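Open your viewer and get ready to click through a few selections. We will take them one at a time.

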Amino acid sequence: MKLVVYLYMSMIVLGVQAWPTVKRSFELYPGAAMPYNEHRISDCMHVASESGDYIFKKSAPSPAAPPLAALNFNRNVELLDLEALGGEELEAAAAAVTADTVCGLYVIGEPDTIVEITMKHYDVNCESGGLMAFVDGWELNGEYFPAVKDHHRVLDERVYEFCNNNKQWPRFSNKKFFRSSQNAALLQYRIPGRGSFVANVRFHKITQPCNVLVQDTAAVYKISNFGHPRNCTLSALFPAAVSLGNLRIGSKSVRAQEKVNYDCHLLEDRLEIGGSAGLDTTSMEQASAVCGASGELGPEQAIFCGVTSVRLVSTGRYQNQAAVIIRKADENDLDIATLMCAL
């Protein structure tokens, strides 16, 4: 009898000791969970550079407005309980937007990333004039970054419009998934009446960035065609002082020249430095067009325009590259100004 009791108790003890080991065997990726960030959109032009959910909610202008029809869809209650998420400041900002106003969530990441936007929920009624659009890049005042002529996709493929058709039956899931071609993307929306959406933003690393929208006011960037026949642009939305280093642009004969040439406007492979009032870099005013080779840091030149751009034009016959040093220009840089755009 004592032997039986002893064996029984031993089995219980061994079972208790073994259970944590068995449990841990299913924890393939131990450690803290990924951080979850939640952001509320309170400005018509909202700039985002962090991952997470971006939430917008607009109530109807009159109390007699019908409830959100899309809230009847099947969804994760914890994610889409927008009634609980809406704050007074969010409602006030959304109510200030007129019926015809087009607003945007302007997303920008690190230079070597692309943007991923997942629409977890959107209630934007087509019948009332509501509309949303994903833009592969940024759009301001009808101009696009990257420029229409420089992007590998035509504009119709870069802009995708969508909204809710509440008359459609059966109703389908309103989740959508988008990815940009560079570190900048835009989610536009026009919501005349009541509406809401939840957009999840993520960033993914890439190995061969081409077009880059600058978000730092002082940084070093690499611009290269990686041997491809394409034009790549580095744009900063402010007046900037620009200098070049580790320069290799053009044919062997061009690179064999003693000095870097800053007047290569007639050559097919060149690095254009200039500025413009808007995002369209194909029509920018040029301060210089550079070609040649040098491992030394070149002179600074200041571009006093709303948008400062460095545009690498490549035929694909050569491996073109340069290190671009950009910093925000001020009044102390007027003596090195090579271009001043009209205000």
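A residue counts as buried when its relative accessible area is under 20%, and as exposed when that value is over 50%. By that cut-off Cys 291, at 1% relative accessibility, is buried. Keep in mind as you look around that this is a predicted model.

Cys 264 sits in the loop between α6 and β17 and Cys 291 in the loop between β18 and β19, so the bond ties together parts 27 residues apart in sequence. Cys 264 is buried too, with a relative accessible area of 1%. The torsion about the S-S bond is about -70°, so this disulfide is left-handed.

Next, select Cys 44 and Cys 103, another disulfide, with sulfur atoms 2.1 Å apart. Cys 44 is in the loop between β1 and β2, while Cys 103 belongs to strand β4, 59 residues away. Which of them is buried and which partly exposed? Cys 103 is buried at 4%, whereas Cys 44 is partly exposed at 30%.

From here, show β2 (45-48) and β4 (residues 103-108), parallel strands joined by four bridges. Click Ala 48 to find its bridge partner in β4, Val 107. Now widen the view to the open sheet of five strands, ordered β2-β4-β11-β6-β9 with mixed pairing. β2 and β9 (159-162) are at the edges, each with a single partner strand, so one side of each has no neighbour in the sheet. From one strand to the next, the twist averages 15°.

To finish, highlight every disulfide: the structure holds five.

Methods
Residues numbered from 1 in each chain as written. Predicted model: local features only at pLDDT ≥ 70, side-chain atom pairs only at ≥ 80, totals over all residues. Heavy atoms only, no water. Pairing = 2+ DSSP bridges. Helix = DSSP H or I, 4+ residues; strand = E, 2+ residues; numbered from the N terminus. Axes fitted to C-alpha atoms, helices over the stretch in contact; angles between N-to-C directions. Disulfide = S-S within 2.5 Å. Buried < 20%, exposed > 50% of the residue type's maximum accessible area, 1.4 Å probe, protein only.
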